[in-house]
Amino acid sequence: MAATGNIQTQVQTQTQAQIQTLSPQQVLEARLLALSTLELEEHVRTELGDNPALEDGPAVSVGQESDDSQTDENGQYDDDDYAAQSDNHDDWSEDDDDWYDRQQQDRSGDISDVPLADTRSFYDILYEQLREQELTERQQKIALYIIGSIDNDGMLDKDLQAISDDLAFYHDLDATTDEIEQVLKVIQDFDPAGIGARNLQECLLIQIRRKEDSPSKDLQEKVISSMFDEFTHKRWDKIAARLELTKEQTDAVITELVKLNPRPGSSLGETVGHSRQHIVPDFLLDNYDGDIHFTLNNGNIPQLHVSREYSDMLENQIKEGTSSQKAAAVYIKSKLDSARGFIQALRQREQTMTRTMQAIIDLQRPFFQDGDETLLRPMILKDVAERTGYDISTISRVTSGKYVQTPFGTFPLKSFFTDGVKTDSGQEVSVKEIHRILREATDAEDHNNPLTDEQLSDMLAQRGFKVARRTVAKYREQIGIPVARMRKN
């Protein structure tokens with residue numbers, strides 16, 4: 001009798017899937033692209049210290065080829081010429097080792113005259129306080145990224161998961177949200193009180209908890225932690241009833257609460273000069289007889305070239321051919337490859353940033369000619385991506401945390417991106433125009449009887465803009481206009 005049993009059959013199937021894997025060089029280029037001018041300067045100096053095959057200063061090699069970049073005698077990119085540039089950098093060779101050096105020399109005449117900050121900035125104050133903390137090197141990196149994500153009002157405008165993702169992608173640092181929050185708590189102890197808060201409620205609570213203990217302090221914390229909605233809408237009667245406060249207690253709590261600063265970063269900026277003119281711009285733009293010209297601000301970024309001494313050393317090691325010399329040759333070659341890759345990444349960063357800035361100028365040319373924000377056209381990341389041929393993620397990296405200096409002031413690149421609103425005639429205008437109309441309407445309103453969102457919506461409709469009440473409320477909040485009952489005298 002034959003034995004019987006369960007027979008398991010394995011079936012092998014084959015499927016196709018596309019998986020995009022970034023090369024180390026692409027990862028490096030993405031990291032450099034996300035850095036501001038000041039951050040790039042620090043990163044370049046760190047790389048100089050880490051890689052002996054990378055040197056600072058003019059290259060000493062002879063027979064250099066002339067620079068073939070599309071720049072004029074002042075090192076500026078003309079907005080028509082740059083469109084012809086190719087961003088194909090696969091033809092890298094040793095002849096390009098001093099490329100970044102030549103680019104820096106071409107621009108030295110312009111950059112030396114750039115008026116940069118001569119006082120401590122908003123971020124300098126935070127960095128100084130950070131240096132006083134006893135943190136590990138890992139925590140320092142997390143803290144630096146958090147500080148760089150704090151906006152001008154002193155608020156942290158990124159959630160912890162987004163910070164975790166960015167640290168992993170740009171800095172090869174795998175940090176959990178809990179780990180990031182621990183470092184954030186350290187920063188929230190910095191001065192002024194409220195710095196690094198993730199929302200207004202947390203900002204006010206941080207300030208209250210810094211105060212000396214008192215009955216009023218306890219009541220203030222109760223109001224903000226458990227009756228925040230009533231507080232923001234000034235419903236003092238409801239607050240007094242719920243907490244069973246006397247008139248004197250209510251008045252005392254209100255007096256203290258209105259002293260709190262909802263924008264701690266702004267107050268710091270007023271005392272140390274953290275304003276637009278003290279932001280180091282990443283681009284410098286000017287108009288000459290109606291033509292727009294701009295250049296990338298390389299500031300104090302060191303000149304770079306690959307060490308000729310290291311290149312010669314590699315040749316000698318290869319000629320010797322012994323096993324020990326071969327091992328040394330492998331090390332030297334890795335450093336040379338790293339140096340060339342770093343210079344290549346800097347070149348690619350410059351090409352990508354310049355092409356992106358050119359696309360923004362082309363799409364927002366009326367603004368850059370006249371400086372009138374109402375002339376800004378509807379523009380999203382996709383528009384710039386299509387014009388440049390880059391991914392939307394690349395455009396996002398270029399424009400995040402970057403500024404352009406113009407004859408009309410210094411602006412964040414993000415400010416040129418705005419949604420559109422259609423008029424009755426079918427014309428699409430920028431949301432900036434709606435913002436302007438709302439400001440004018442609320443400035444001119446009767447403050448004893450302020451306009452509601454419904455009335456503002458009707459007013460916009462009379463001017464040809466179909467904007468729903470909820471959308472009006474969103475735009476009103478974007479430009480910092482309180483609800484009608486809070487604008488009432």
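Which residues does Ile 361 touch, not counting residues up to four places away in sequence? They are Leu 285, Ile 292, Phe 294 and Phe 368, where contact means heavy atoms within 4.5 Å. Before we go further, a word on what you're looking at. This is a predicted model, in which local features need pLDDT of at least 70 and side-chain atom pairs count only at pLDDT 80 or more, while totals for chains, interfaces and linings use all residues. Residues are numbered from 1 along each chain as its sequence is written, and side-chain values use heavy atoms, with hydrogens and water left out.

Back to Ile 361. This residue is found in helix α15, residues 323–363; helices here are DSSP runs of H or I with at least four residues, strands are runs of E with at least two, and both are numbered from the N terminus. Ile 361 has 0% relative accessibility, so it counts as buried. For that scale, buried means under 20% relative accessible area, exposed means over 50%, and partly exposed is in between, with a 1.4 Å probe and protein chains only.

Now the chain as a whole. It has 22 helices and nine strands, and of its 489 residues, 45% are buried. If you take the contacts with a separation of 6 or more, residues 24 or more positions apart account for 69% of them.

Leu 144 gives another view of a helix residue. You'll find it in helix α5, residues 137–148, and at 37% relative accessibility it counts as partly exposed. Leaving out residues up to four places away in sequence, Leu 144 touches Tyr 127 and Leu 130. Tyr 127 and Leu 144 are 17 residues apart in sequence, with their C-alpha atoms 7.8 Å apart.

Next, helix packing. Two packed helices are described by the angle between their axes and the distance between the axes. The axes are lines fitted to C-alpha atoms, for helices over the stretch in contact, and the angles run from 0 to 180 degrees between N-to-C directions. Angles under 35 degrees count as roughly parallel, over 145 as roughly antiparallel, 65 to 115 as roughly perpendicular, and the rest as oblique.

Start with α8 and α9, which pack at an angle of about 170° with their axes 10 Å apart. That makes α8 roughly antiparallel to α9. On the α8 side the contact uses Gln 201, Leu 204, Leu 205, Ile 208 and Arg 209, and on the α9 side Lys 217, Gln 220, Glu 221, Ile 224 and Ser 225. By class, that's four nonpolar, three polar and three charged residues. In this scheme Ala, Val, Leu, Ile, Met, Phe, Trp, Tyr, Cys and Pro are nonpolar, Asp, Glu, Lys and Arg are charged, and the others, Gly among them, are polar.

Helix α9 (residues 215–226) also meets α12, their axes coming within 10 Å and crossing at roughly 75°. These two helices are therefore roughly perpendicular to each other. Here α9 contributes Ser 216, Leu 219, Gln 220, Val 223 and Ile 224, while α12 brings Ala 252, Val 253, Glu 256 and Leu 257.

Ile 434, Ile 437, Leu 438, Ala 441 and Thr 442 of α19 make the contact with Leu 456, Met 459 and Leu 460 of α20. That gives seven nonpolar, one polar and no charged residues. The buried residues of α19 are Val 431, Glu 433, Ile 434, His 435, Ile 437, Leu 438, Ala 441 and Thr 442.

Finally, some backbone details in the loops. The peptide bond from Asp 191 to Pro 192 is cis, with omega near -5°, and Pro 192 is found in the loop between α7 (177–187) and α8 (200–209). Lys 234 is not a glycine, yet has a positive phi of about 55°; its place is in the loop between α10 (228–232) and α11 (236–243). Lys 234 is partly exposed, at 43% relative accessibility. Glu 244, not a glycine either, has a positive phi of about 55° and is found in the loop between α11 and α12 (247–257). With a relative accessible area of 70%, Glu 244 is exposed.
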